[in-house]
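Cover its surface, its fold, its cores and a few single residues.

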Amino acid sequence: NHLRVEKMGDEEVEVRIAAGIRDRGAAGSCLIYAPDSRTPHAVVRRLALETSGFVVLVNINSRDAVMASKPDIDLMGEIADRPYAVATYASLADEMVEEGQVRDLLQLDPKVPVVNCGLRDPEKTGEVVELVISLVP
């Protein structure tokens, strides 16, 4: 975890960021980072403008859980010139929202990939990262 100081008007805000480097062998390395969920929207937007591609995490335990990611999807629409994928996950496997419902609820463009990803499965999360990298022009 890292701290990054961001300016918001006259105020400085400390933003916690989880960061890591993914070694892609001959293809080089890439920096992967995620701001803390409590990061103000204006700071997230500024960080997003410094980024090449995105993974938007969507909890599919319920319709409400899916809708909690709507502001992140809206941000992708605001930026609009960077590729992203939606990585869905469930902490409770009982009543998961299906991919079609996720697409409808979040009003996703048909071109946006939706990948079911176990957050604790390094192979699956790596596949999502590689997918987003492949979408970067």
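The accessible surface of the protein is about 8700 Å². Carbon and sulfur atoms hold 50% of that surface. Accessible areas follow the Shrake-Rupley method with a 1.4 Å probe, and for residues only the protein chains shown count as cover. Buried residues account for 32% of the 137 residues. Buried means under 20% relative accessible area, exposed means over 50%, and partly exposed lies in between (1.4 Å probe, protein chains only).

The model is predicted: local features need pLDDT of at least 70, side-chain atom pairs count only at pLDDT 80 or more, and totals for chains, interfaces and linings use all residues. Residues are numbered from 1 along each chain as its sequence is written, and side-chain values use heavy atoms, with hydrogens and water left out.

**Confidence**

The mean pLDDT of the protein is 84. A score of at least 70 is reached by 96% of the residues. Here pLDDT is the predictor's confidence in each residue, from 0 to 100. Confidence is lowest in strand 3 (residues 29-35), with a mean of 71. It is highest in helix 4, at 96.

**Fold and dimensions**

The protein has 5 helices and 6 strands. Helices (H or I, at least four residues) and strands (E, at least two) are DSSP runs, numbered from the N terminus. From the N terminus on, the order is β-β-β-α-β-α-α-β-α-β-α.

The C-alpha atoms fill a box of roughly 45 × 40 × 30 Å along the principal axes.

Contact means heavy atoms within 4.5 Å. Among contacts between residues at least 6 apart in sequence, 56% join residues at least 24 apart.

**Nonpolar cores**

A nonpolar core is a set of buried Ala, Val, Leu, Ile, Met, Phe, Trp, Tyr and Cys residues joined through side-chain atoms within 4.5 Å. The largest such core has 19 residues. V58, V66, Y84, V86 and L108 have the most contacts inside it. Strand 4 (54-59), helix 3 (70-79), strand 5 (84-89) and helix 4 (99-106) each give two or more residues to this core. Helix 3 supplies the largest share, 4 residues.

What does V86 touch, not counting residues up to four places away in sequence? Its partners are V56, V58, I73, L108, V112, P113, V114 and V115. Another core, of 5 residues, lies apart from the largest one. V13, V15, I17 and L47 are among its members.

In helix 1 (residues 41-48), the buried residues are V43, L47 and A48. They cover an arc of only 140° around the axis, which puts them on the same side of helix 1. The arc is that of the directions from the helix axis to the C-beta atoms.

In helix 4, the buried residues are V102, L105 and L106. Their arc is 85° seen down the axis, so they line one face of the helix. The cover over these residues includes strand 4, helix 2 (63-67), helix 3 and strand 5.

**Single residues**

Two residues have a positive phi without being glycine. A80 has a phi of about 60° and sits in the loop between helix 3 and strand 5. Q107 has a phi of about 55°. Q107 follows helix 4, in the loop between that helix and strand 6 (114-116).

| Residue | Relative accessible area | Class |
|---|---|---|
| A80 | 60% | exposed |
| Q107 | 63% | exposed |
| E78 | 42% | partly exposed |
| I32 | 32% | partly exposed |

E78 lies in helix 3. It touches H41 and R45, not counting residues up to four places away in sequence. E78 and E11 are 67 residues apart along the chain, and their C-alpha atoms are separated by 24 Å.

I32 belongs to strand 3. I32 and A18 are 14 residues apart along the chain, with 8.3 Å between their C-alpha atoms.
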